[in-house]
Amino acid sequence: MSTYTRPYPYAIFTHSVGANVAGHSLLSKLRAIADAGFDGIELFQDDLDAFASSDEFRRIQEMGEASTAASSLAPLNLTPPDSPMNIDRRYSGSSSASHSSDDASTSSLPFNRPLPQDKKHFAVAGLDDDLLVRDASNELVIGLDGLPMTYNAFGTCTATAYRQELAAASYIAAFCDTLGLRIYSLQPLRDFEGWAKQQDQLLALRRARSRFEVMRALGADLLLICSNNQHAPVTVGDVERIAIDLAQLADFADRFGSVLVPLHSNSGTIERRARPIRIGYEALSWGAHVDVWSRAWQAVRLADRYNVGLILDSFNTLAREFADPCTPTGITDRCDDPYSEVMQSIRALRTVPADKIFFLQIGDARRMKQPLAPSPNADEPRPARMIWSRGNRLFPCEYKQGAFLPVREFVHAAVKEAGYQGPWSIEVFNSSLSDEGETVPTLHARRARAGLDRLVEEVDA
């Protein structure tokens, strides 16, 4: 591992060290991430769901290990995650919680512009904070647990399942505290924006709104939304509509209030600061209507909310604007000089204010051994770039493994030209993450750390 002293915090998406479907538990992945020297994580929603419903977490609850873990965190005196609904109880007065001068305050924020008159019919008014499911007669829908149904990241769920998710989130927050890891974001929230029917957009808002309590339990202030993958006619590509949807969610986040974000010091102490919930918007390379960073930035700019910002992802940008898994070379044949074209695009990042770049995700990729057939098609409903992405991303600078995207140039533009100052975060999907064995998380965490160390050296050279 490189001994280069990094000037940037390191983060990693929890899936990027092992797939939960292959038996790699969230706790084992978090240990591997901490051991590799990362500063924090992006928590994969699917990892949280898998942990919440796992036998491992049920045993922890039954054995009272949650209480043991919390009581061992002196001087924080975290109470066990048996009441995750109350964040003020979870963070006791013995830990420091403060509003510093650099914390956002709604009283000092610029005026949030109103919705355009011709778009107001898309606005969803009166979204109840209780998030309870009601039928057409406005009667509560009761779940199999005998309690009113509520919402989660995917739709409706039982109140019991939602409470279990909150309990798991609270436990993971305490566990990360013991490892010195900050939870930078919860991600991804899928298929949120641009629904053609108001009832579909209302459901999307309720799904998104349900994340706020989870984020409060986690101590995470950033919700990452990837661009909608559902095509017309069920969705629309009107960027003003997309901006309105992002703005509405931001307003609900503002109304919800702050989360207490733990800031870890070198001495091992934790200071907690109140931070508003932020909404980060990312262009998927296979997004139905938003598939390039510049269009995502257009939506963020039109949303005109202090708590809506851009997520930059090296893979998703370069996979759309430079690469193509359907060509023999793996590089797009849409133009004569793909490298020059993509460089022109990423140099334009300097036009984005640094404080509107909420997060930077980094990953490279290898070419397909055989070009994929263009899709979706009659035989393959998934987009070709999604198929490529799921099994073939690489950690930065893994040139011997086939990495070929201009990641260094992308990160240089984001950091050195646009002025991004936040964490450098790894986001990788690869078939190797589904390998079995206890060493998988450790090996991938070490690869990720080594790749980031080398990338820092290349970007700073």
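**View 1. Surroundings of Ser345 in the predicted model.** Leaving aside residues up to four places away in sequence, Ser345 touches Trp293 and Glu321, and the structure in which these contacts are seen is a predicted model. The side chain of Ser345 also makes a polar contact with the side chain of Trp293, at 3.0 Å. Ser345 lies in helix H12, which covers residues 338-347. Because buried means a relative accessible area under 20%, Ser345, at 14% relative accessibility, counts as buried.

**View 2. Ser340, another residue of helix H12.** Ser340 has its place in helix H12, and with a relative accessible area of 36% this residue is partly exposed. Ser340 and Phe322 are separated by 18 residues in sequence, while their C-alpha atoms are 9.3 Å apart in space.

View 3. Helix H11 comprises residues 314-321, and since eight of its eight residues are buried, the helix is largely enclosed by the rest of the structure. The buried residues are Ser314, Phe315, Asn316, Thr317, Leu318, Ala319, Arg320 and Glu321, and Glu321 is one of the residues that Ser345 touches. At the start of H11, a side-chain oxygen of Asp313 reaches to within 2.8 Å of the backbone nitrogen of Phe315.

**View 4. Burial of helix H1.** Seven of the ten residues of H1 are buried, so this helix is largely enclosed by the rest of the structure. The buried residues of H1 are Leu26, Leu27, Lys29, Leu30, Ala32, Ile33 and Ala34. The elements against which these buried residues pack are strand S1 (10-13), strand S2 (40-44), helix H2, helix H3 (55-63), helix H6 and helix H15 (440-460). After H1 comes Gly37, whose phi is positive, near 90°.

**View 5. Packing of helix H1 on helix H6.** Two packed helices are described by the angle between their axes and the distance between the axes. For helix H1 (residues 26-35) and helix H6 (residues 159-179), the axes come within 10 Å and cross at roughly 25°. That angle makes H1 roughly parallel to H6, and the crossing of H1 and H6 is right-handed. On the H1 side the contact involves Leu26, Leu27, Leu30, Arg31 and Ala34, which meet Tyr171, Ile172, Phe175, Cys176 and Leu179 in H6.

**View 6. Packing of helix H1 on helix H2.** Helix H1 and helix H2, the latter formed by residues 45-52, pack at an angle of about 130° with their axes 9 Å apart. That angle makes H1 oblique to H2. The contact is made by Leu26, Leu27 and Lys29 of H1 together with Asp47, Leu48 and Phe51 of H2. Leu26 and Leu27 of H1 also take part in the meeting with H6, and Leu26, Leu27 and Lys29 are among the buried residues of H1.

View 7. Gln187 and Pro188 are joined by a cis peptide bond, with omega about -5°, and Pro188 is found in strand S6, residues 182-189. A cis peptide bond also joins Ala232 and Pro233, with omega about 15°. Pro233 has its place in the loop between strand S7 (222-226) and helix H9 (239-256).

**View 8. Positive phi at Asn138 and Asp304.** Asn138 has a phi near 70°, a positive value in a residue other than glycine, and is found in the loop between strand S3 (96-98) and strand S4 (150-151). Asp304 likewise has a positive phi, of about 55°, although this residue is not a glycine. The place of Asp304 is in the loop between helix H10 (293-303) and strand S11 (308-313), and at 35% relative accessibility Asp304 counts as partly exposed.

**View 9. The whole protein as context for the close-ups.** The protein has 15 helices and 15 strands, and buried residues make up 56% of its 461 residues. Of the contacts in the protein with a separation of 6 or more, 78% are accounted for by residues 24 or more positions apart. The protein exposes about 19300 Å², of which carbon and sulfur atoms supply 50%.

Technical notes:
Residues are numbered from 1 along each chain as its sequence is written. This is a predicted model: local features need pLDDT of at least 70, side-chain atom pairs count only at pLDDT 80 or more; totals for chains, interfaces and linings use all residues. Side-chain values use heavy atoms; hydrogens and water are left out. Helices (H or I, at least four residues) and strands (E, at least two) are DSSP runs, numbered from the N terminus. Buried means under 20% relative accessible area, exposed over 50%, partly exposed in between (1.4 Å probe, protein chains only). Contact means heavy atoms within 4.5 Å. Accessible areas come from the Shrake-Rupley method with a 1.4 Å probe; for residues, only the protein chains shown count as cover. A polar contact is a pair of N or O atoms within 3.5 Å; within protein, one must be able to donate a hydrogen and the other to accept it, and residues adjacent in sequence count only if both atoms are side-chain atoms. Axes are lines fitted to C-alpha atoms, for helices over the stretch in contact, and angles run from 0 to 180 degrees between N-to-C directions. Angles under 35 degrees count as roughly parallel, over 145 as roughly antiparallel, 65 to 115 as roughly perpendicular and the rest as oblique. A crossing is left-handed if the near helix is turned anticlockwise from the far one by less than a right angle, and right-handed if clockwise.
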